[in-house]
Amino acid sequence: MCIRDRIRSMDTEFEAASSQSKNSLRNKLKKCKKEMDEAKRKVIDMETRVGGGVELRGKAENNMYRAAQQEKQLDNINKIAKESENIGAEVQKNLRGQRDVIINTTNMNNEITSELGKTNQIMNEMSCREYVLKIILYIAAFVLAFTDIFLVLLKLRIIRFR
């Protein structure tokens, strides 16, 4: 605990103390004030020994100024980091939405592929039926043509039945 803190605590104790203990507290308070005065004198002596302390004080002020500037830079960096975090969250949200769209599109494409497979099978069956029907039609046409020729020849009496 530093001397100033001790003096402050003694002042508060002094205010709260009874009249009997005030005398002992006054003595302690005077003693601490003397110690503080001696410490001040020592600091002043040190400043004069080091070169008046002006250089040290200037360096200290310069360091304080740099520390304040660095604190401002840290605050700016924190703001930028928070903004980047917010942007990252928005990008992640957008990517999730796009992922859902891609998944839905993939599912739709799978359904279309399945339906196309079924449609292809139906088209093959219809093509086979068409082929069979053409064969039947050609056979019927051939039978009808043969029957016509037979009947024409029969009428012309080229062919005789019994």
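The side chains of E115 and K118 are joined by a salt bridge, with an N to O distance of 3.9 Å. Both residues belong to helix 3, where E115 and K118 lie three residues apart, about one turn of the helix. E115 is partly exposed at a relative accessible area of 45%, and K118 is likewise partly exposed, at 48% relative accessibility. The model in which this pair occurs is predicted.

**Overall architecture and confidence**

The protein chain contains three helices and zero strands, and its pattern along the sequence reads α-α-α. Helix 3 covers residues 54-155, while helix 1 covers residues 3-16. The mean pLDDT of the protein chain is 82, and 76% of the residues score at least 70. Confidence is highest in helix 3, with a mean of 90, and lowest in helix 1, with a mean of 66.

Of the 162 residues in the protein chain, 5% are buried. The accessible surface amounts to about 15000 Å², and carbon and sulfur atoms account for 59% of that surface.

**Salt bridges**

How many salt bridges does a search of the whole structure find? The search returns three. In general terms, side chains of opposite charge can pair when their charged atoms come close.

| Salt bridge | N to O distance |
|---|---|
| R99 and D100 | 3.6 Å |
| E130 and K134 | 3.7 Å |
| E115 and K118 | 3.9 Å |

K134 and E130 are four residues apart in helix 3, so about one helical turn separates them. In the bridge between D100 and R99, the closest N and O atoms are 3.6 Å apart.

The solvent exposure of these residues can be stated individually. D100 has 39% relative accessibility and therefore counts as partly exposed; R99, with a relative accessible area of 49%, is also partly exposed. Are K134 and E130 buried or partly exposed? K134 is partly exposed, with a relative accessible area of 41%, and E130 is partly exposed as well, at 42%.

**Nonpolar surface patch**

Which residues form a nonpolar patch on the surface? The patch consists of Y131, V132, L133, I135, I136, I139, F142, V143 and F146. Together, these residues present about 950 Å² of accessible area. One of them, I139, is located in helix 3, the helix that also holds K134 and E130 as well as E115 and K118. Helix 3 is also the part of the protein chain with the highest confidence, at a mean pLDDT of 90.

Key. Residues are numbered from 1 along each chain as its sequence is written. This is a predicted model: local features need pLDDT of at least 70, side-chain atom pairs count only at pLDDT 80 or more; totals for chains, interfaces and linings use all residues. Side-chain values use heavy atoms; hydrogens and water are left out. Patches are made of residues with over 30% relative accessible area and no salt bridge: like charges are joined within 9 Å, nonpolar side chains (Val, Leu, Ile, Met, Phe, Trp, Tyr) within 5 Å. Accessible areas come from the Shrake-Rupley method with a 1.4 Å probe; for residues, only the protein chains shown count as cover. A salt bridge is a side-chain nitrogen of Lys or Arg within 4 Å of a carboxyl oxygen of Asp or Glu. Helices (H or I, at least four residues) and strands (E, at least two) are DSSP runs, numbered from the N terminus. pLDDT is the predictor's confidence in each residue, from 0 to 100. Buried means under 20% relative accessible area, exposed over 50%, partly exposed in between (1.4 Å probe, protein chains only).
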